[in-house]
Amino acid sequence: MLTPPSPLHRVAIAGAALSALAVLAGCGGPSRDHADEALATKAAVRPAPAKKATVQGLPGMPPLLDPTDVYAADRPNRLSPVVKDFPSRVYVPNTNSNTVSVIDPKTYEVIQTIPVGAQPQHVVPSWDMKTLWVNNDRGNTLTPIDPKTGKAGKPVDVHDPYNLYFTPDGKYAVVMASLDRELVFRDAHTMERVKTEPVSCYGVNHADFSPDGRYFIVSCEFSGELLKVDTARMKVVGQQKLPYEGAMPQDVKISPDGKKFYIADMMADGVWILDGETFTQPTLLHTGKGTHGLYVSRDSREMYISNRGEGTISIFDFTRNRLTKKWRLPDGGSPDMGGVSADGKVLWLSGRYNAEVYAIDTRTGVQLARIPVGSGPHGLAVYPQPGRYSLGHTGIFR
């Protein structure tokens, strides 16, 4: 979540962070049917035999490996030849320190600190996966990092880059210019502006794409709204207000079968479930206080939901269509944004208000490490990750 544009928002968010719990035990232990299995080793979800027609995607978009599972390319350790030789690292943007902490996931230690521009919000893998872009929101720049060497390059001028996405065909970067109230489409390589789409909502921040790549859903956190955007036309084609007073939508993720979008809401304390095709009013699933980040397991079975306001992670089972577990961080915390390790065994999350990063075992929910970093850690990227190309944010791969 970016620094809000008013003191009122700062007070509300700080209050949510201070309510974090300090209990180790989860509300429910690992489910009995796979309590002793590591998520990285289980077979992928196989839906009942049905239609398997080829998804007619956005022209130029690589076709889905499996039209029944948009995450089929993200299986454990299935690294692209482009990234297979990159060292495994966790890149943490510290919004208040104007740095990126680099963690070695084997030792759980910070091995490098990279100075960047003002208020870095997210570390975003490029569509071709060769570059990591640090979004310096108030610095109005993107800092490129070479994930092979860990070295930062010359910053590129880009105004108000709160978050960054890429169209599935790899042609354009989509800058979430939150304070400018714009979606800015830029050349994916040069970052030259191609088209600006003004929006009437406040605080555009997160998004995810439909299975065919022809549209994407965007959350507007400060006005509690959702947008539907036509990818090829680069145009907003739908807009709705969430049915909750004070709604503050955050991360967006699509279900493996591509039929539903999930939108975290830190004020409604849950996840909105939306039909992207019809774009009708979504329903709310309560998960925990300060719901913020959404991450899909490597086998496409589960989704990890960070509840920043209470120091917990809720587990949603896609096949059962319900919550099954809740993990609590020892000594509390403020789990925010992050990603899953390449082997699927560790969930990494930034501790936004605690200047730390959490490493969590995805089989048991046990905290493996709590690593001190800079002030205000936000959209950390685990890299490299499996997949053929990146749609942006901290790592949405297809």
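Colleague: Before we start, what should I know about the model and its numbering?

Modeller: Residues are numbered from 1 along each chain as its sequence is written, and side-chain values use heavy atoms, with hydrogens and water left out. This is a predicted model, where local features need pLDDT of at least 70 and side-chain atom pairs count only at pLDDT 80 or more, while totals for chains, interfaces and linings use all residues.

Colleague: How many helices and strands are in the protein chain?

Modeller: Helices (H or I, at least four residues) and strands (E, at least two) are DSSP runs, numbered from the N terminus. Here the protein chain has one helix and 29 strands.

Colleague: And what share of the residues is buried?

Modeller: Buried means under 20% relative accessible area, exposed means over 50%, and partly exposed is in between (1.4 Å probe, protein chains only). In this chain, 61% of the 398 residues are buried.

Colleague: Let's look at a sheet. What is the strand order in the open sheet of four strands?

Modeller: Two strands pair if DSSP finds at least two bridges between them. In this sheet the order is β9-β10-β11-β12, and the pairing is antiparallel. β9 (163-166) and β12 (193-198) are at the edges with a single partner strand each, so one side of each has no neighbour in the sheet.

Colleague: How many bridges join β9 and β10?

Modeller: Four bridges, in the antiparallel sense, with β10 covering residues 172-177. To find your place, look for phenylalanine 166, which stands opposite alanine 173 in β10.

Colleague: Now the charged pairs. How many salt bridges does the structure hold?

Modeller: A salt bridge is a side-chain nitrogen of Lys or Arg within 4 Å of a carboxyl oxygen of Asp or Glu. The structure has 12 of them. One of them links arginine 301 to aspartate 299, with the closest N and O atoms 3.8 Å apart. Arginine 301 is partly exposed at 25% relative accessible area, whereas aspartate 299 is buried at 1%.

Colleague: Which residue forms a salt bridge with arginine 352?

Modeller: That's aspartate 336, and their closest N and O atoms are 3.8 Å apart. Arginine 352 lies in the loop between β26 (346-351) and β27 (356-361), and aspartate 336 is in β25 (residues 335-340), so the pair ties together parts 16 residues apart in sequence. Arginine 352 is buried, at 7%, and aspartate 336 is buried too, at 0%. Salt bridges with shared partners join Arg308, Asp336 and Arg352 into one network.
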